[in-house]
Amino acid sequence: MEKQMEKTNKDVPLRELSERVAEFARVRGWDKYHSLRNLLLALVGEVGEVSEIFQWKGEVARGLPNWSAADKEQLGEELSDVLLYLVRLADVCRVDLGRAALSKILKNATKYPLTPHQQQ
């Protein structure tokens with residue numbers, strides 16, 4: 001049976017998201033549809049929906065100060081879709097997304113070292 005989603009202010013580990021989205025798909029019989037190709041195309045589609053939200057807004061200030069609560073909620077939902085498909089894709093590929101992301105940050109730090117000005 002599915003775990004009920006409780007509203008909390010706690011951080012949610014990627015492992016928990018991965019387990020929950022896998023269970024969500026499993027109990028609905030969706031695993032057969034979650035091929036790598038289908039998951040990737042779904043992910044790209046959701047990124048497109050995020051893009052549509054920003055498409056005609058020009059430059060947007062950090063924190064979205066001029067956005068309505070409804071617009072922020074819609075953005076949160078679309079970003080969540082992107083995250084969930086990404087987590088599911090990584091899970092099906094058996095990629096530990098958290099570790100891969102931390103490794104990538106370390107590689108980027110070597111690739112893009114701080115300039116003397118940034119070190120001050």
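Start in α2 and select Leu39, Leu43, Glu46, Val50 and Ile53: these residues are buried. The model you have open is predicted. Now look down the axis of α2. Its buried residues fall within an arc of 65°, so they line one face of the helix.

Select Arg37, Val44 and Glu52. These exposed residues sit on the face turned away from the buried side of α2.

Select residues 36–54, the 19 residues of α2. At 1.5 Å a residue they should span 27 Å, and the end C-alpha atoms are 28 Å apart, which agrees.

Next stop: the second largest pocket. Select Leu14, Arg15, Ser18, Val87, Ala90, Asp91, Arg94, Val95, Asp96, Leu97, Gly98 and Arg99 to show its lining. Colour by element: α1 (14–27), α3 (69–93) and α4 (97–111) each give two or more residues to this lining. Then colour by class. The lining of the second largest pocket holds five charged, five nonpolar and two polar residues. The space inside this pocket is about 160 Å³.

Last, pick out one of the lining residues, Arg15. Arg15 belongs to helix α1. Is Arg15 buried, partly exposed or exposed? Its relative accessibility is 45%, between the 20% and 50% cut-offs, so Arg15 counts as partly exposed. Finish by drawing a C-alpha to C-alpha distance from Arg15 to Leu86: the two are 13 Å apart in space and 71 residues apart in sequence.

Terms used. Residues are numbered from 1 along each chain as its sequence is written. This is a predicted model: local features need pLDDT of at least 70, side-chain atom pairs count only at pLDDT 80 or more; totals for chains, interfaces and linings use all residues. Side-chain values use heavy atoms; hydrogens and water are left out. On a 1 Å grid over the protein atoms alone, a cavity is a set of points where a 1.4 Å probe fits but cannot get out, and a pocket is an open set with protein on both sides within 12 Å along at least five of seven lines; lining residues have an atom within 4 Å of a point. Grid points are joined across faces, edges and corners, and a volume is the space filled by probe spheres set on the points. Helices (H or I, at least four residues) and strands (E, at least two) are DSSP runs, numbered from the N terminus. Ala, Val, Leu, Ile, Met, Phe, Trp, Tyr, Cys and Pro count as nonpolar, Asp, Glu, Lys and Arg as charged, and the others, Gly among them, as polar. The expected span of a helix is 1.5 Å times one less than its number of residues. Buried means under 20% relative accessible area, exposed over 50%, partly exposed in between (1.4 Å probe, protein chains only). The arc is that of the directions from the helix axis to the C-beta atoms.
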